[in-house]
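Please examine the sequence and the structure shown below before reading further.

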Amino acid sequence: MTTDQPVPLVDLKAAHAEVAEEVRDGFDRVLATGGYIKGPEVAGFEEEYAAFSGTRHCVGAANGTDALELALRALGLPPGGGVVLPANTFVATAEAVVRAGLRPVLVDADPETLLIDPAGVADALPGAVALLPVHLNGQLAPMAALLDLAGELPVVEDAAQSQGARQHGRAFHGRISATSFYPGKNLGAYGDAGAVVTDDDELAGAVRLIGDHGSARKYVHERFGFNSRMDALQAVVLRAKLRRLPAWNEARRAAAERYHRLLADLDGVGLPRTAPGNEHVWHLYAVRVGPGRDRDTVLAALNAAGIGAGVHYPVPVHLQPAFRELGHDAGAFPVAERAAREVLTLPLFPQITEAQQERVAEALAKALAA
């Protein structure tokens, strides 16, 4: 290695440098008109993201959590009904369920992929009103098996980490899907933003209505709603980045393959696996530390060496104080709990260089050997 420069977990400045001029021009258009909420930039992005996702409709939202709540509310599910989702997810998935007046029903993860386990879903579905799989780290949950299990129950996809991912050639499999454009996502805004996609005309209309105070006409409110609209400045950013997203996702795949090679013979670390049929977009490159090694000690050593590694979901949903009322103790979902102890996320972004990845691999080897 020829550099000791820190390697960030995500380099948002590098991404901005590629779109800066286009974003500046778009901001100038919005500022000149004063149309900050909805308007042509948002409409343009919605059309473009629907086409990218292979769906009929995209409806912008203020953030990804709102988008998931909007999708659930649009379905008109029975109040208090159970929604099956994985324990191994960000808390926002469960928050959206509760905010929509529904009840999280948690299941464990598959030990190989850490995606939702269809076996657990089969046990949890009786009496549920919906299934909510999470597409984790850049790859889709096992949708064919899940759709078969769900039968007539609606399937709502949490696609916050899978922009551009495909399974058997398709990005969208359920009845409705929600995504997040948080800045660090594969497609990230310059603040909070999100969207819902669906092929269902009625659902798309309901999402748009609920997210705009239940109003299709000013001061006429057809149903109870709330304020969750994408603003035009975020749409400008997302349109500029969406044009580059296929190339950026390819760069992520190349970086993931490089990590596979660099870490293949490293003792004490388990590499991430891609499930059959999936076209991964590597939102995160999450390895597993162990056995016989302490993940947090390895993380501290990496950070001390200037490597921006991180941990995603160190406390599973069922052990969060906010969800104590679900009644689950430690040991309820052992795969998710083990992942919480072992998962370590390494730097990965489209502009990462081979030298940076070699530096990460060297630092990880030293941390594991210490």
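This is a predicted model: local features need pLDDT of at least 70, side-chain atom pairs count only at pLDDT 80 or more; totals for chains, interfaces and linings use all residues.

Residues are numbered from 1 along each chain as its sequence is written, and side-chain values use heavy atoms, with hydrogens and water left out.

In soluble globular proteins, nonpolar side chains tend to be buried together. A residue is called buried under 20% relative accessible area, exposed over 50% and partly exposed in between, with a 1.4 Å probe and protein chains only. A nonpolar core is a set of buried Ala, Val, Leu, Ile, Met, Phe, Trp, Tyr and Cys residues joined through side-chain atoms within 4.5 Å. The largest such core has 37 residues, and those with the most contacts inside it are Leu72, Leu102, Leu132, Val156 and Ile176. Two or more residues each come from β1 (57–61), α3, β2, α4, β4, β7 (176–180) and α7; these names refer to DSSP runs numbered from the N terminus, helices being H or I with at least four residues and strands E with at least two. Helix α3 gives the most to this core, with 6 residues. A second, separate core of 27 residues includes Trp282, Tyr285, Val298 and Leu364.

Helix α4 (residues 91–99) has Val91, Ala92, Thr93, Ala94, Ala96 and Val97 buried. Their cover includes α3, β2 (82–86), β3 (103–107) and β5 (156–158). After α4 comes Gly101, whose phi is positive, near 80°.

Two loop residues may be considered next. Leu125 lies in the loop between α5 (118–124) and β4, and its relative accessible area of 8% means that it is buried. Not counting residues up to four places away in sequence, Leu125 touches Val84, Leu131, Leu149, Ala150 and Leu153. Asn137 is placed in the loop between β4 (128–131) and α6 (143–150). Asn137 counts as buried because its relative accessibility is 16%. With residues up to four places away again left out, Asn137 touches Gln161, His280, Trp282, His283, Leu284 and Ala286.

How do the helices pack? Helix α3 (residues 64–74) and helix α7 (residues 201–210) meet at an angle of about 125°, with their axes 9 Å apart. Therefore α3 is oblique to α7; angles under 35 degrees count as roughly parallel, over 145 as roughly antiparallel, 65 to 115 as roughly perpendicular and the rest as oblique. Axes are lines fitted to C-alpha atoms, for helices over the stretch in contact, and angles run from 0 to 180 degrees between N-to-C directions. In this pair, Leu70, Ala71, Arg73 and Ala74 of α3 meet Leu203, Ala206, Val207 and Ile210 of α7. These residues divide into 7 nonpolar, no polar and 1 charged.

Helix α9 (residues 245–263) and helix α12 (residues 354–369) pack at about 35°, with their axes 10 Å apart. Residues in their contact include Tyr259 and Leu262 of α9 and Val360 and Leu364 of α12.

How values were computed:
Contact means heavy atoms within 4.5 Å. Ala, Val, Leu, Ile, Met, Phe, Trp, Tyr, Cys and Pro count as nonpolar, Asp, Glu, Lys and Arg as charged, and the others, Gly among them, as polar.
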